[in-house]
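Dear colleague,

Please find the structure below, handed over for your review. My notes on it follow.

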Amino acid sequence: MAESQIRIQLSTRYPDISLRENPGPIVVNTSLRRYALSTLVNTLLESEKPVPFEFLINGTFLRTSLDEYLTANGISSETTLAVEYVRAIIPPLYLASF
Amino acid sequence: STHLEPSYKVSNPSAEEARLLWSHYDIQTRDLSFAFTEQLRLILAPTLATKMRGDFRTGKRLNIKRIIPYIASQYKRDKIWMRRSIPSKRNYQIMLAVDDSKSMGESGSGQLALETLTLVSKSLSMLEVGEICVVGFGNDFHVAHDFGKPFSSEAGVQIFQHFSFQQTKTNVRKLIAESILLFHEARRRTFNAGIDLWQLELIISDGICEDRETIRRLVRQAQEERIMIVFVIVDALVKGESILDMREAVYGPDAIGEIGLKMKRYLDEFPFPYYLVVGNVRELPGVLAQALRQWFTEVVDSG
Ligand SMILES: [Mg+2]
């Protein structure tokens, strides 16, 4: 199956993690999930120490690949997808487990 | 994902709407199209410089390559002369392929595409150098005006009825594959030994396309069959959203084989060697004419 792509427009409502310049639409593969998107934002922020991020599309957290999200929500890849990011809250259980 | 939206045909313009649209763009591009026609006439006219060629018994200039065989054959192989040849009549088959996908409608590129379609189709038909065909692509590929059909305002109105910029995919791979077949068909139909037939495809699109590796291969195949493909990127140039600024996030192995993220300029991986970016229909005649002149020269030199 061939690569499938979509344009995303990243934004956040938190000034401390916001991008200095609007990056404009960025083309990404629809196979991406939260982790890869998090890497993308860290790259754009030029973070020394990567911060884990969570992603919201139309108000719901992205828990699948973009592709699965688009299919489940009937969104065509012809649209520029507005993607909001927030700092990930790491579950305390996970931290305590080691 | 075909269930996502109703068929794009639902919102295609009616005959009345198409008529209004066509006359609007017709008037808007009138002065431009006369100027453009003249520019194209200069580029597409057969080269007037004649060449010396052929093997004849009498002629204007000796063919040096034939001298030794001539002597060696005891002066029997005596077709050693060249004559000035008449430039062959050149004929064109030009396909205009318009991106009918939703991204065109959303970015405002759809309007620019219709202006471009009007301008180019009118100018080409005024030239009377060959046949014009108009196709649309998105999810599917469809012929809006076939080769061999005369072009007129009425044809323009009918063509406009095929476009609504609502298709939910942009299948450029399919476009190129189907175009090649259509060109084969058109060449076969008009085969005429005395005519030098040139085939040109102008794609009018916002330039967002997938499956670039396969597309690159198909474009090469077209080139080998002497079908020239020129990609006109209509770029609405909304601030910060121009395709010229657009970046792409690519995951892949780096120099030491570690998977990492790289930001690339979107156009760096563009699969069409001949492309140009136009932000306003007024720029188009100048930019396209200049590019065609350069590219045709390349094709003639390499051929
Ligand atoms: Mg599109």
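What is the handedness of the crossing of H1(B) and H6(B)? The crossing of these two helices is right-handed. Please bear in mind throughout that this is a predicted model.

The helix pair in chain B

Helix H1 (residues 15-28) of chain B packs with helix H6 (residues 153-160) of chain B at an angle of about 120°, and their axes are 8 Å apart. Angles of 65 to 115 degrees count as roughly perpendicular and those over 145 as roughly antiparallel, so H1(B) is oblique to H6(B). On the H1(B) side, the residues that meet H6(B) are Ala15(B), Ala18(B), Arg19(B), Leu21(B), Trp22(B) and Asp26(B). Their counterparts in H6(B) are Ser153(B), Gly156(B), Val157(B) and Phe160(B). By class, this contact has 6 nonpolar, 2 polar and 2 charged residues.

The contact between the chains

Chain B has 23 residues in contact with 19 residues of chain A. On the side of chain B that touches chain A, the elements giving two or more residues are helix H4 (102-107), strand E9 (247-253) and strand E10 (259-265) of chain B. Of these, E9(B) gives the most, with 4 residues. The class composition of that side of chain B is 7 nonpolar, 7 polar and 9 charged residues.

The sheet that includes strands of both chains

E9(B) also pairs with a strand of chain A: strand E2 (residues 26-29) of chain A and E9(B) run in the parallel sense over 2 bridges. Within this pairing, Ile26(A) stands opposite Arg247(B). E9(B) pairs with E10(B) as well, in the antiparallel sense over 7 bridges, and here Pro253(B) stands opposite Ile259(B) in E10(B).

These strands belong to an open sheet of 7 strands with mixed pairing, in the order E4(A)-E3(A)-E5(A)-E1(A)-E2(A)-E9(B)-E10(B). Its edge strands are strand E4 (60-61) of chain A and E10 of chain B, each of which pairs on one side only. Helix H1 (residues 34-45) of chain A packs on the sheet. In chain A, this helix touches strand E1 (5-11), strand E3 (53-57) and strand E5 (80-87), and in chain B it touches E9 and E10. The direction of H1(A) makes about 105° with that of E3(A).

With kind regards

Technical notes
Residues numbered from 1 in each chain as written. Chains lettered and ligands numbered in written order. Predicted model: local features only at pLDDT ≥ 70, side-chain atom pairs only at ≥ 80, totals over all residues. Contact = placed C-beta atoms within 7 Å. Nonpolar A, V, L, I, M, F, W, Y, C, P; charged D, E, K, R; others polar. Pairing = 2+ DSSP bridges. Axes fitted to C-alpha atoms, helices over the stretch in contact; angles between N-to-C directions. Parallel < 35°, antiparallel > 145°, perpendicular 65-115°, else oblique. Left-handed = near helix turned anticlockwise from the far one by under 90°.
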